[in-house]
Amino acid sequence: MASYKEIFGTNIEVLASDPANPVTGQVWYNSTDNVVKGLAATTAGAWATGGNLNTARYYIAGAGDKDAALTYGGLGTTTYGITESYNGSSWTEVADLNTARRSFGGAGTQTAAINAGGYNPGSLDVANTEIWNGSSWTEVADLNTATRAMGSTKQSSTSALYFGGTGSPNAKNESWNGTSWTEVADLNTGRAQLVGAGADNTSGIAIGGSPAVALTETWNGTSWTEVNDLNTGRQYMMAAGTVPSAIVAGGEPLTAVTEIWNGTSWSEDTDLNVARFGGAGAGPSGSSALVFGGDTDPGNSTATEEWTGAGAPLVYTFTDS
C-alpha cells in the first residue's frame with residue numbers, strides 16, 4: 001500500500017495547534033491533542049444553536065442576516081410590539097413597534113427594515129407600514145389592502161414586495177418603492193399563511209401556504225410563474241434567501257423539515273433541532289441563514305438556530321474506529 005507521502009508528495013505536518021487557514025484536503029497531526037486532523041467540505045447543511053429570544057412568541061417578522069438580525073411583533077401571552085436585535089450570539093430588546101401586531105411581513109437589514117400589514121386585536125387586519133432606522137420605528141404610507149399572513153421579499157427596505165394573505169383567497173401583490181405601495185400583477189394562486197424570499201420588488205419567490213400547499217411561484221418584476229413544488233406542502237414556514245438560493249424550515253402541520261431552493265427545484269436537507277411553525281427567518285441565501293421563535297404546539301419558542309449549508313469547511317478528527 002502506498003504511503004501518504006507517495007500519494008501526495010509530502011509528509012503529514014506535525015503542528016502544536018490547528019493551522020489558522022487550512023485548505024480543503026489538508027491533513028495534519030496536532031501534537032498537543034495527539035490526533036490526526038483534516039479539513040473537508042460538509043456534504044449536508046447543519047443547524048447550530050444560537051442565543052434565545054428574550055420573549056417567546058410566534059407569528060413574528062424578521063429581517064437582516066445570520067450575524068445581524070432583527071425580529072419584531074408576534075403573539076405570545078398577548079400581541080406584541082417588541083423588537084429584538086441579534087448580534088450573532090444574543091438578542092437585545094430595542095424600540096417597540098408603534099402598532100403591536102402579528103402575522104405580517106418583514107424585510108431589510110438590522111439597521112434599515114420595513115414591516116407592513118398584520119393583525120392587531122383592536123383593529124383586526126391592518127394596512128400599517130413602519131420603517132426602522134436602526135433605533136426607532138416610523139409610520140409611513142399604508143398598504144392599499146389591509147391583510148395578514150402574507151409573504152414578502154427579504155433583502156431590502158426600500159424595494160420590497162408583499163403578496164397573498166387573508167382574503168377569499170387573496171392573490172394581491174403590492175410593490176414598495178421606499179415611499180408608497182403600488183398594486184402589481186397578482187399571484188397565480190391566491191393563498192394565506194405563505195412565506196416569501198427574494199432580493200427586492202424585481203425578484204421574489206412565494207412558497208407554500210394554506211391549506212398546507214406545496215406551490216412555489218417566482219416573480220421577475222412583471223409577473224408570477226409557477227415552478228417546482230416543495231417536497232412537503234405546509235404553511236407558516238420560516239424562510240430566508242433569494243430567488244437563486246433560498247431556504248425554508250419548519251411549518252404547519254408541525255414539522256422540522258428543511259428544504260433548499262437552488263433556483264430550479266427544492267431538495268430536503270438537515271432538519272431543524274426544534275420543530276415549529278410561525279417563526280421568522282433572516283439571511284442572504286440557502287447556505288447562510290437564521291431562524292428564530294415560533295410555536296412548538298403547544299408552547300411558544302425562544303429558540304434561535306443558525307444554518308450553514310453544504311460545502312462549508314469542517315475539521316475532522318481521525319480515529320482508529
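Let me begin inside the molecule, with the second largest cavity, which has a volume of about 60 Å³. A word on terms: on a 1 Å grid over the protein atoms alone, a cavity is a set of points where a 1.4 Å probe fits but cannot get out, and lining residues are those with an atom within 4 Å of a point. Grid points are joined across faces, edges and corners, and the volume is the space filled by probe spheres set on the points.

Before I go on, please keep in mind that this is a predicted model, in which local features need pLDDT of at least 70 and side-chain atom pairs count only at pLDDT 80 or more, while totals for chains, interfaces and linings use all residues. Residues are numbered from 1 along each chain as its sequence is written, and side-chain values use heavy atoms, with hydrogens and water left out.

Back to that cavity: its lining consists of L143, T145, T147, M150, Y162, F163, G164, N170, K172, N173 and E174. One of the lining residues, F163, is found in strand β16, and at 0% relative accessibility F163 counts as buried, the cut-offs being under 20% relative accessible area for buried, over 50% for exposed and partly exposed in between, with a 1.4 Å probe and protein chains only. The C-alpha atom of F163 is separated by 17 Å from that of A246, which is 83 residues away along the chain.

Now to the chain as a whole, which contains one helix and 30 strands. Its radius of gyration is 22 Å, close to the 20 Å that the globule rule gives for 321 residues, so the chain is as compact as a globular protein of that length; the radius is taken over C-alpha atoms, and the rule is 2.2 Å times the number of residues to the power 0.38. Along its principal axes the C-alpha trace spans about 75 × 40 × 35 Å, and buried residues make up 51% of the 321 residues.

Turning to the strands, two of them pair if DSSP finds at least two bridges between them. An open sheet of four strands runs in the order β4-β29-β28-β27, with antiparallel pairing. Which strands form its edges? They are β4 (46-49) and β27 (280-285), each pairing on one side only. Within this sheet, β28 (residues 288-292) and β29 (residues 304-308) pair in the antiparallel sense over five bridges, and F292 has T304 in β29 as its bridge partner. Elsewhere, β23 (residues 238-241) and β24 (residues 246-249) run antiparallel and are joined by four bridges, one of them pairing A239 with V248, and the two strands form a hairpin with four residues between them.

Finally, some backbone details. Most residues other than glycine have a negative phi, and most peptide bonds are trans. Y59, however, has a positive phi near 55°; Y59 sits in the loop between β4 and β5 and is buried at 16% relative accessibility. Q193 also has a positive phi, of about 60°, lies in the loop between β18 (181-184) and β19, and is buried with a relative accessible area of 15%. As for the peptide bonds, the one from E252 to P253 is cis, with omega near 0°, and P253 lies in the loop between β24 and β25 (258-261). A cis peptide bond also joins D297 and P298, with omega about 5°, and P298 is placed in the loop between β28 and β29.

Technical notes:
On a 1 Å grid over the protein atoms alone, a cavity is a set of points where a 1.4 Å probe fits but cannot get out, and a pocket is an open set with protein on both sides within 12 Å along at least five of seven lines; lining residues have an atom within 4 Å of a point.
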